[in-house]
Amino acid sequence: MSEEQAPYEKPNVEDILTDDESISTAPGTTGGGGGGAET
Amino acid sequence: MLRREESFTWGRLLWRLGRRPRQALTEAPERPVGAKLEITYACNLRCGFCYTDSPRRTLQRTPELSDDQWREVVRQSLDLGIVEAVVTGGEPLLRKDLTLGVVEALAGAGVGITLNTNGWFVDEEAARRLGALSGVTAHVSIDGARPWLHDTSRGVPGSWRRAIEGVDRLLSTGVGVCAVHVVTPDNAASVPDFLEQMWTLGVPWVRVTPVVETGAAARGGNWRISRPALRRVVEEFEARRGTAMRITLQAGTGGGVGLQGKVAPGSFLVRPNGDVRPDSLRPFTFGNAIRDGVSACWKAIHDGWNDEQIDRWAKSMHGSRDLAESSLVAYLDDEVPVVPGVTGDTGEGSGGRDAPVPAKTPPDPIDPTRDLTAAREKVRGLAHTRRYRHAPLRWTGSRGKRFVRLTTNGRYLQLNESGGAVMDALDGGTLGDAVGLLRDRYGLDESRAREDATAAVRELLGKQVVIAASGSGAGFPEEAGTTDLPGSEPTG
């Protein structure tokens, strides 16, 4: 393993980005309904 | 995930408690949901437990429908509105052009299809034509982790190799594959190794089933296995490998055959000579598809279901063994025509109970360890050289974390660094390339690299990040659902 190589982790593939995590509902976004109050 | 289909006894109990098994319909549909088409009697193998008794039919050269007649049956079945079909035999690919044409016609109409085959005749052309279709799952029979086990079970030397190579060709063109393992006392001990091989080979779905005791199996033989032991084997595999490979542990004996009740079935079966039955287990005919028309036969099932002789037969089924010990056994005895005016003149000939089933010379036993090692190497060799490509997608991110959007279904995925590396290796590459990459980049030993790369490729395939390089991308049906079609018992 080369020096700059990160420690090995088993390959992982997972689903992400539920509505809560989507940029369409992130704080500061006016769209996406139900994203919560802007701060 | 292990899906336990209803056992015979459990299904009967549920029925009595008013909770009908999943397969049962609460009311008879006016139009059929599905059709099971037995394209041919003939088979090139000699399985001693064949539930359709195909070896006997093969030797007797029993006449069957012509290609044009089968195409007419398919046309009429589509007109009736079926949404699901099982194309089977015998070995349907013995009539390859007809069978592929039938599958293409059904798939073109949007019907979900199970093609039962022993894999022997799955050549490049068959795999390519099936891979171009959507909604097709090939159920390929593989009985054991060692060639000798399978070849003696199937009665023909070389049949394990042909089955495995057939599965590989189907996976290479993106066809959904279910490996069907008929478990007997002779091969039960190899089921753990079998599951490992299917995992390595990249098979998405495995169906493990006991012998269905009709046809040749009803003549005798020791077919009984321990279902709890089999369930433990599956659970141990899933604890080790997860549930990315779907495993169905099947009741196998037709489950609710004794649960006939008053509700007509939702599907029908067409025998190779055109005779129409409700399903594989009930040896009663309701006319002939060519002589009477499919619609008239379906109406005969629908209207004539509450027939006294069927009811009497069904009520004699108190346990799965009764299928074989009844005075009327499916595929062994002459079928009984039910409805006057739409009578089945089977023309199949009889003598099923007394007809011997000569086996082809089985291969000589060889050292089990050497046999298993050779099988593992064969499977690994096929799995490691199958080529993949990316599905339509976009991705971004840093080296340590990658974000992927699949443009076909809009799903978002996150991959860690090694996951991204395997994904890159499969853009035109193989599992073998991914193994080499993990080994060289991260200093893994060969065994660990194989383990992790195989699991990663299965994940990437399951989530449709990568697809078979030679496939159309039409995709494996997520819910093939074919075991739900009443009468779609496993291929023999």
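Author: Begin with the place where the chains meet, and keep in mind that this is a predicted model. The contact is made by twelve residues of chain A and 20 residues of chain B.

Reader: What classes of residue does chain A bring to the side that touches chain B?

Author: Seven are nonpolar, one is polar and four are charged.

Reader: How many helices and strands does chain A have?

Author: Chain A has zero helices and one strand. Of its 39 residues, 5% count as buried.

Reader: Which strand of chain B is joined to strand S1 of chain A, and do the two run parallel or antiparallel?

Author: Strand S1 of chain A, residues 13–15, is joined by three bridges to strand S16 of chain B, residues 412–416, and the two run antiparallel. Within S16(B), Leu415(B) is the residue that stands opposite Val13(A).

Reader: Now the helices. How is a pair of packed helices described?

Author: By two values, the angle between the axes and the distance between the axes. Take helix H14 (residues 417–425) and helix H15 (residues 431–442), both of chain B: their axes come within 9 Å and cross at roughly 140°. That angle makes H14(B) oblique to H15(B), because an angle has to be over 145 degrees to count as roughly antiparallel. The crossing of H14(B) and H15(B) is right-handed.

Reader: Which residues of H14(B) and H15(B) meet?

Author: From H14(B) come Ser418(B), Ala421(B), Val422(B) and Ala425(B); from H15(B) come Asp433(B), Ala434(B), Leu437(B), Leu438(B), Arg441(B) and Tyr442(B). By class, this contact has seven nonpolar, one polar and two charged residues.

Reader: At what angle do helices H8 and H9 of chain B pack?

Author: H8(B), residues 191–201, and H9(B), residues 227–241, pack at about 40°, with their axes 10 Å apart. H8(B) is therefore oblique to H9(B). The contact is made by Val191(B), Pro192(B), Leu195(B) and Trp199(B) of H8(B) with Leu230(B), Val233(B), Phe237(B) and Arg241(B) of H9(B). Here the classes are seven nonpolar, no polar and one charged. The crossing of H8(B) and H9(B) is right-handed.

Reader: One last point, on a single residue. Why does Asn273(B) count as buried?

Author: A residue is buried if 20 or more other C-beta atoms lie within 10 Å of its own. Asn273(B) has 21 C-beta neighbours inside 10 Å, so Asn273(B) counts as buried. Its place is in a loop of chain B, between strand S9 (267–270) and strand S10 (276–277).

Terms used: Residues numbered from 1 in each chain as written. Chains lettered and ligands numbered in written order. Predicted model: local features only at pLDDT ≥ 70, side-chain atom pairs only at ≥ 80, totals over all residues. Contact = placed C-beta atoms within 7 Å. Nonpolar A, V, L, I, M, F, W, Y, C, P; charged D, E, K, R; others polar. Pairing = 2+ DSSP bridges. Helix = DSSP H or I, 4+ residues; strand = E, 2+ residues; numbered from the N terminus. Buried ≥ 20, exposed ≤ 12 C-beta atoms within 10 Å, placed from the backbone. Axes fitted to C-alpha atoms, helices over the stretch in contact; angles between N-to-C directions. Parallel < 35°, antiparallel > 145°, perpendicular 65-115°, else oblique. Left-handed = near helix turned anticlockwise from the far one by under 90°.
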